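Here is a short briefing for a reader who is new to this structure. Please look over the sequence and the model, then read on by topic.

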Amino acid sequence: MKNRIFVTILLALLMSKSLVAEELMFFNTDKASKFLECDVHAIVGTSVLSQDYADHVPSITAVNVSPGCGGGIGASVQFAFKDFFAIGTGLDLMAINNKYSMALIDVKGSGSHCSAFVSNQAFNVTVPLYVSVRFNVASNVRWNVDGGIYFGLGIGGTQKADTYTTTQNELGQIVTKYQHYKWDYYNETHPIIHSIDDVDWGLIIGTNLLFHSHYKVGVEARVSTKNATADKGIIHPNVYNHLFAMKFGYQF
């Protein structure tokens with residue numbers, strides 16, 4: 001009986017030491033257990049267009065911008081130098097959609113009124129580069145805080161516009177003319193307002209939780225800092241495409 005009690009106490013002590021050894025500090029400065037971390041992920045959220053058209057065209061009386069769906073799929077690789085610190089990069093295939101409308105009066109001095117409704121759909125490849133700071137909030141839960149920059153290259157898309165121009169003819173009658181336009185989204189040579197550059201860059205900020213070393217759930221913001229408009233066109237306003245999204249991933 002005494003031997004059984006001794007063996008039971010010994011096993012309990014060994015198990016307690018093992019559990020203590022598995023516990024991680026909230027901010028652990030030790031070497032990471034795994035240097036290379038790879039994941040695949042999906043990004044789903046809202047694409048937001050910021051602009052200053054009214055500052056460049058005095059005849060604009062109103063501009064309304066509608067956010068659209070945005071997101072993508074991709075893969076990331078992170079190099080964990082310490083348990084609390086890593087550097088990451090990756091490759092994402094992204095899509096953005098948004099709409100805007102504007103109203104103009106006295107177009108070209110004719111006293112006419114014009115309403116334009118524009119919808120954008122574009123695809124690009126982005127490469128993020130960021131640092132990741134990690135915190136162990138539980139034995140199977142890690143909190144990651146990421147921040148860095150991204151570079152984007154446009155690979156396709158379309159820009160469509162419907163315009164309604166109202167004028168008064170020689171008989172005093174009100175006449176409305178409808179026109180539909182469709183262009184390439186990037187580097188259009190004959191835009192109605194301006195063309196869009198296919199190169200973009202900006203800031204990337206995100207945070208996520210990693211469950212059981214595999215499942216990631218978080219939020220991410222991609223804030224463009226490069227003016228999207230190219231030189232071709234009648235004006236050169238300041239236009240930026242931003243993305244605010246949820247991020248879901250699986251880490252190998």
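Glu 37 is buried, because its relative accessible area of 5% falls under the 20% cut-off. The model is a predicted one.

**Salt bridges**

- Glu 37 forms a salt bridge with Arg 134, and the closest N and O atoms are 2.8 Å apart.
- Arg 134 lies in strand β4 and Glu 37 lies in strand β1, so this pair ties together parts that are 97 residues apart in sequence.
- Arg 134 counts as buried because its relative accessibility is 2%.
- How many salt bridges does the structure hold? It holds 7.
- Asp 39 forms a salt bridge with Lys 216. The closest N and O atoms of this pair are 3.2 Å apart.
- That pair links distant parts of the chain: Asp 39 is in strand β1, and Lys 216 is in strand β9 (residues 215-224), 177 residues apart.
- Asp 39 is buried, with a relative accessible area of 4%. Lys 216 counts as buried at 10% relative accessibility.
- Arg 222 forms a salt bridge with Asp 92, with the closest N and O atoms 2.6 Å apart.
- Arg 222 lies in strand β9 and Asp 92 lies in strand β3 (residues 85-105), so the pair ties together parts that are 130 residues apart in sequence.
- Asp 92 is buried, with a relative accessible area of 2%. Arg 222 counts as buried at 4% relative accessibility.

**Aromatic rings**

- A search of the whole structure finds 15 aromatic pairs.
- The rings of Phe 117 and Tyr 164 have centres 6.1 Å apart. Their planes stand at 80°, over the 60 degrees needed, so the pair is edge-to-face.
- This pair links distant parts of the chain: Phe 117 is in strand β4 (residues 113-138), and Tyr 164 is in strand β5 (residues 141-168), 47 residues apart.
- Phe 117 counts as partly exposed at 43% relative accessibility. Tyr 164 counts as partly exposed at 36%.
- The rings of Tyr 181 and Trp 183 have centres 5.6 Å apart. Their planes are at 10°, under the 30 degrees cut-off, so the pair is stacked.
- Is Trp 183 buried or exposed? Trp 183 counts as buried, because its relative accessibility is 9%. Tyr 181 is partly exposed, with a relative accessible area of 24%.
- Ring pairs also link residues into a cluster. Its members are Phe 26, Phe 27, Phe 35, Phe 79, Phe 81, Phe 84, Phe 85, Phe 135 and Trp 143.
- Trp 201 has a charge over its ring. The charged end of Lys 226 sits there, 5.7 Å from the ring centre.

**Asn 241**

- Asn 241 has its place in strand β11 (residues 239-251).
- Asn 241 is buried, with a relative accessible area of 13%.
- Leaving aside neighbours within four places in sequence, Asn 241 is in contact with several residues, including Val 48, Leu 49, Ile 96 and Tyr 150.
- Arg 222, Ser 224 and Ala 228 are also among the contacts of Asn 241. Arg 222 is the partner of Asp 92 in a salt bridge.

**Ala 42**

- Ala 42 is in strand β1 (residues 36-51).
- Ala 42 counts as partly exposed, because its relative accessibility is 25%.
- Where does the chain bring Ile 73 relative to Ala 42? The two C-alpha atoms are separated by 4.5 Å, and the residues are 31 apart along the chain.
- Leaving aside neighbours within four places in sequence, Ala 42 is in contact with Gly 72, Ile 73, Met 246, Lys 247 and Phe 248.

How values were computed. Residues are numbered from 1 along each chain as its sequence is written. This is a predicted model: local features need pLDDT of at least 70, side-chain atom pairs count only at pLDDT 80 or more; totals for chains, interfaces and linings use all residues. Side-chain values use heavy atoms; hydrogens and water are left out. Helices (H or I, at least four residues) and strands (E, at least two) are DSSP runs, numbered from the N terminus. Buried means under 20% relative accessible area, exposed over 50%, partly exposed in between (1.4 Å probe, protein chains only). Contact means heavy atoms within 4.5 Å. Rings of Phe, Tyr and Trp (its six-membered ring) pair if their centres lie within 6.5 Å; planes under 30 degrees apart count as stacked, over 60 as edge-to-face and the rest as tilted. A charge sits over a ring if NZ of Lys or CZ of Arg is within 6 Å of the ring centre and within 35 degrees of the ring normal. A salt bridge is a side-chain nitrogen of Lys or Arg within 4 Å of a carboxyl oxygen of Asp or Glu.
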